[in-house]
Amino acid sequence: MIKIGIILGSTRPGRNGEAVARWVYDVASQRTDAEFELVDLLDYKLPHLDEMLPPSLGQYAQPHTQEWASKIASFDGFVIVTPEYNHSTSGVLKNAIDFLYAEWNNKAVGFVSYGSLGGARAVEHLRLVAGELQMADVRSQVALSLFNDFENFSEFKPGDFQVEALNTTLDQVLAWSAALAPLRAA
């Protein structure tokens, strides 16, 4: 069975991303075509990148990097939940991504973003990063507006149409995860 990690890409106190990631997980968990796991970056105490060698060499010296690598390697694909901070993704998410290389390769990734413009600019940046990591980013995404999908910019209340957008994103992530399986096996 395909295994998909739902990565919560914010550690900010009072983060909106926690409700968003739980919603993604709840919707995904109703499916029977894959196994889903919520991965909260708060649970991985990754400092600023502190490995001496480039991640592309795969020679991780730090125990926190080895733990993170093992977790990411266990998945066939990902849904990344990202805020938009200053027209980009969060620093903590970018740092977590930068710790690894091969563990991301030949896996699909979809995005659920939130912000004043639905987090679109954060996803634009993450798509560039995904390409460098040899990930297949899917076309569909969920863009949640702080104005329309949150009450008072903090209480998450997505429109019903967002569930359809999420399921389309999940369909694409699962299809690409399956299609890339032979490359991961090689």
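At 23% relative accessibility, glutamate 37 counts as partly exposed, a class that sits between buried (under 20% relative accessible area) and exposed (over 50%), worked out with a 1.4 Å probe on protein chains only. The model is a predicted one, in which local features need pLDDT of at least 70 and side-chain atom pairs count only at pLDDT 80 or more, while totals for chains, interfaces and linings use all residues. Residues are numbered from 1 along each chain as its sequence is written, and side-chain values use heavy atoms, with hydrogens and water left out.

Glutamate 37 pairs up with lysine 71 in a salt bridge, the closest N and O atoms being 2.7 Å apart; the term stands for a side-chain nitrogen of Lys or Arg within 4 Å of a carboxyl oxygen of Asp or Glu. Since glutamate 37 belongs to strand 2 and lysine 71 to helix 2 (residues 63-73), the bridge ties together parts that are 34 residues apart in sequence. Helices (H or I, at least four residues) and strands (E, at least two) are DSSP runs, numbered from the N terminus.

A search of the whole structure turns up 13 salt bridges. One of them joins aspartate 171 to arginine 31, with the closest N and O atoms 2.6 Å apart. This pair links distant parts of the chain, 140 residues apart: aspartate 171 is in helix 5 (residues 160-179), and arginine 31 is in the loop between helix 1 and strand 2 (35-40). Arginine 31 is buried, at a relative accessible area of 15%, whereas aspartate 171 is partly exposed at 42%. Glutamate 155 and lysine 157 form another bridge, their closest N and O atoms being 3.7 Å apart. Elsewhere, salt bridges with shared partners join Arg15, Glu18, Arg22 and Asp40 into one network.

Then there is helix 4. Its 13 residues (120-132) should span 18 Å at 1.5 Å a residue, and the end C-alpha atoms agree with that at 19 Å apart; the expected span is 1.5 Å times one less than the number of residues. Ala122, Val123, Leu126, Val129 and Ala130 are the buried residues of helix 4. Seen down the axis, they fall within an arc of 115 degrees, so they line one face of the helix; the arc is taken from the directions from the helix axis to the C-beta atoms. On the other side of helix 4, Leu128 and Glu132 are exposed. Cover for the buried residues includes strand 3 (77-83), helix 3 (91-98), strand 4 (108-115) and strand 5 (136-145). Just after helix 4, glutamine 134 takes a positive phi of about 60 degrees.

Key. Contact means heavy atoms within 4.5 Å.
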